[in-house]
Number of protein chains: 2
Amino acid sequence: MAASIKDVAKEAGVSIATVSRVLNDIDVVNEETKEKVLVAIKKLGYRPNIVARSLKTQKTSTIGIIIPDISSQFYPEIVRGAEDVANIYDYNIILCNTDLDIEKEMEYLKVLKEKMVDGVLYMSNSLQKDIIDLIRELEIPTVLTETIDEEKSFPSVTVDNLKAAYEATKYLIEKGNKKIAYVGPNDNNVNATSLRYKGYKKALLEMNLEVDQSLISFSGIKAKDGYAAMEKVIDNSSIDGIFCASDEIAMGVINLLRDKGIRVPEDIDVIGFDNIYSSSIFYPKLTTISQPMYDMGSVGMRMLIKIINKQPLGKEHYVLNHKLIERDSCKK
Amino acid sequence: MAASIKDVAKEAGVSIATVSRVLNDIDVVNEETKEKVLVAIKKLGYRPNIVARSLKTQKTSTIGIIIPDISSQFYPEIVRGAEDVANIYDYNIILCNTDLDIEKEMEYLKVLKEKMVDGVLYMSNSLQKDIIDLIRELEIPTVLTETIDEEKSFPSVTVDNLKAAYEATKYLIEKGNKKIAYVGPNDNNVNATSLRYKGYKKALLEMNLEVDQSLISFSGIKAKDGYAAMEKVIDNSSIDGIFCASDEIAMGVINLLRDKGIRVPEDIDVIGFDNIYSSSIFYPKLTTISQPMYDMGSVGMRMLIKIINKQPLGKEHYVLNHKLIERDSCKK
């Protein structure tokens, strides 16, 4: 039978109210009494009822993480970074997979509110108005990770997707390539991948290369999507470089090229984006833009815990550094 | 301002106690009154305080998932399967990464108990006595996933690792290979990978092949570990087939062979284990043993929810089907 607060009070020879004051760190208990209570707690192995305390303090030390899909190649490392920081500060995380389904996102937000989470770390391709309104209505402290809202009304941590894609494309151009393809999504909003598409076009224009629609193939986000999208444009063009909006897409693209007998990087340079774990196991090892995924999760969680505890944030919007990783899918 | 239970009582023209009885589904309220209360709840958008109710019912509709590392290639899909089932039955999951650190596992179990989770889905390489004792002491309903305890005292869902590894090795032998290497961990206990090592040896002995220590290279679980372990044995032997205890190890092994100018499958057949997502994107596409990872998570969660709700389990120990997937890393 677990010890109760009454047992602790009896053991320490004080009132239940005094034990409660020690537990809640209210500073009116003298040191000697406090010590007696702490000794009794230790001796009896007493654990306060966190749920009961949550009702009183309106804090649960629990944080919701809303992501599209933990089984994708991208989110596990972000979640790991977030959970490690949560653990350091004695928070736990409730994980919610939404598949980008807005109904599911809203349902999760409501449940998280009911379960009195202290805050939410929110990841999605984009932040729709219905979601913004709901977060405001529910009054849950929220930090966006790898997601922004156009009005920048929520604190966020991201990378500069446009600039990174610009640099990746420029890298291909500086290798002497002139017919540079784009394979990736085109969503017409503020999504990360749309910004990458914009960065690709910006580099071409600045370097006086034409944005040639026959070199652009829009795709989904999986390797098989990259494979299928590449198949559509490879035969009718003289592509010499390919910027892919993600590593998974790049792997699908390279597999298509291999099946067509085209060598990477001897015949075509390919660059990816993300630096997911398997990009350095794939053959050829992918040249790519590294996003600090673990850091995005950990910085986002740190910001959120600061907000929950009413500590000042250094900045409202953190833009973490990306890095071009040279491996074997582009010529040396 | 959110509606309170008092507002609902006023709106419905009944007492707070009556509203409470309706909310807690206590069957002494007549249908007409119940209807009035439900209409008032809907009209005011009232949401009961789940945390307060949890204290009363001793249920939180929250389940802890304890895993080694969500950022590995293996666990995300299991967690996804588990969360999808949890979501169907209106449970949420608290995710805990332990890195197989027993202190961290024990700390998480205690915190989960304090947060009054209704149950725990536990995944680890092995189940140590200290953890078994703690789970018993804390009296948390627990289901083991891809983990067993030697005494089979907890319900579990696994695959038959020994049999699957036996079949994989036999497949290599039936291709005409005679010098079959093993690359993988050897932990000397009931871990999944140890059972795979046993299955490898069993197949050799049954097919009258010698268990040759010069063909066996113990490794960690990452691709780089497979690469390094293969490097140790490749030069002094005439290996023609390799059974790897995981796909990631197999990818490292194949990368080493490629760097040595050895072709897969023309010179050596390689078979992996797990069928992780990237095994069909890798070049060559891996022949492997498929574990139903999503199903392991979803079946484990379904079992746990049945236990929590005191429903009968069909079986205490589910052994899910594995499957040999023929792709391109073994000769046709």
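Predicted model: local features only at pLDDT ≥ 70, side-chain atom pairs only at ≥ 80, totals over all residues.

1. Searching the whole structure turns up three cavities of 30 Å³ or more. A cavity here is a set of points, on a 1 Å grid over the protein atoms alone, where a 1.4 Å probe fits but cannot get out. Grid points are joined across faces, edges and corners, and the volume is the space filled by probe spheres set on the points.

2. Residues are numbered from 1 along each chain as its sequence is written, chains are lettered from A and ligands numbered from 1 in the order in which they are written, and side-chain values use heavy atoms, with hydrogens and water left out.

3. What lines the largest cavity? There are 16 lining residues (an atom within 4 Å of a point), and A:Thr60, A:Lys115, B:Thr60, B:Thr62 and B:Lys115 lie nearest the centre. The elements giving two or more residues to this lining are α4 (50-57) of chain A and α4 (50-57) of chain B; helices are DSSP runs of H or I with at least four residues, numbered from the N terminus. The lining divides into eight nonpolar, six polar and two charged residues, where Ala, Val, Leu, Ile, Met, Phe, Trp, Tyr, Cys and Pro count as nonpolar, Asp, Glu, Lys and Arg as charged, and the others, Gly among them, as polar.

4. Chain B superposes on chain A by a rotation of 180° with 0.1 Å of shift along the axis, at an RMSD of 0.2 Å. The two copies are thus related as by a two-fold rotation axis. Within chain B, B:Ile94 comes closest to the axis, at 2.2 Å (C-alpha). The copies meet through the same surface, because 100% of the interface residues of chain B are also interface residues in chain A; contact means heavy atoms within 4.5 Å.

5. How many salt bridges does the structure hold over all chains? The total is 30, each being a side-chain nitrogen of Lys or Arg within 4 Å of a carboxyl oxygen of Asp or Glu. One network of salt bridges links A:Asp69, A:Asp99, A:Lys104, B:Arg80 and B:Asp84.

6. In chain A, A:Lys163 and A:Glu167 form a salt bridge at 3.8 Å, N to O. They sit four residues apart in helix α8 (residues 161-174), so about one helical turn separates them. A:Lys163 is partly exposed at 43% relative accessible area, and A:Glu167 is partly exposed at 27%. Buried means under 20%, exposed over 50%, and partly exposed in between (1.4 Å probe, protein chains only).

7. In chain B, the side chains of B:Glu11 and B:Lys43 meet at 2.9 Å, N to O, in a salt bridge. B:Glu11 belongs to helix α1 (residues 5-12) and B:Lys43 to helix α3 (residues 31-44), so the pair ties together parts 32 residues apart in sequence. B:Glu11 counts as partly exposed at 38% relative accessibility, whereas B:Lys43 counts as exposed at 60%.

Conventions: Least-squares fit on C-alpha atoms with pLDDT ≥ 70 in both. 1 Å grid on protein atoms, 1.4 Å probe; cavity = no way out; pocket = protein on both sides within 12 Å on 5 of 7 lines; lining within 4 Å.
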